[in-house]
Amino acid sequence: MSLIGRLFVILFGFLAACFVAGMVVVGAIMFPEFSDLGAGPVDPGVLNVILGFGFVFVSGFALVPAMVAVAITEAFYIRGALTYAAGGGLVGLACYLGLVPFDAEQLRFEGIVRRHLEIMTGAGIVAGVVYWMIAGRNAGVWRIPRPPLRPLPPLPSQSPLPPSS
């Protein structure tokens, strides 16, 4: 039963991490003027639609590499925050490199934009930390058996017995 509960925690952590990574990607790529503190307000309706598309984009591309990372950390009881941040960075890097054309003759990627690579890797790091805060801190806990319940201590000798039915 604890495995089923753990799967729900993993799913919720993955969805929250994808949402945060989508926010980072959309905020950094679509709104680079946010670095200027004098920028005016953004229309909330437009921002909600763009964040939704960012979430779908990130969760779709990150599903397989993130589930591999989750399976490894669950299997080996890995619970370190730095491990999840590094794993998230690698997942973000893999997602970006999966979109860039690869030249098999020269064994190199064609058209890498350094800023986009940094944004995707940074979004992966943030997503890894968010996942660690929700689900990664207790990785593998479902496999540890619970200790047996201790029996209640005996009643003192002068205490009255409970009425029997």
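Helix 1, residues 2–30, packs against helix 4, residues 114–134, at an angle of about 150 degrees, with the axes 8 Å apart. That makes helix 1 roughly antiparallel to helix 4, a label for angles over 145 degrees. Axes are lines fitted to C-alpha atoms over the stretch in contact, and angles run from 0 to 180 degrees between N-to-C directions. Helices are DSSP runs of H or I, at least four residues, numbered from the N terminus.

A word on the source. This is a predicted model, where local features need pLDDT of at least 70, side-chain atom pairs count only at pLDDT 80 or more, and totals for chains, interfaces and linings use all residues. Residues are numbered from 1 along each chain as its sequence is written, and side-chain values use heavy atoms, leaving out hydrogens and water.

Now the pockets. A pocket is an open set of points on a 1 Å grid where a 1.4 Å probe fits, with protein on both sides within 12 Å along at least five of seven lines; lining residues have an atom within 4 Å of a point. The largest pocket holds about 400 Å³, the space filled by probe spheres set on the points. Which residues are closest to its centre? Of 27 lining residues, they are Ala 66, Gly 87, Gly 88, Val 91 and Gly 128. Helix 2 gives the largest share of that lining, eight residues.

Next, the second largest pocket, at about 150 Å³. Its lining includes Val 25, Phe 53, Tyr 96 and His 116.

Note on methods
Helix = DSSP H or I, 4+ residues; strand = E, 2+ residues; numbered from the N terminus. Parallel < 35°, antiparallel > 145°, perpendicular 65-115°, else oblique.
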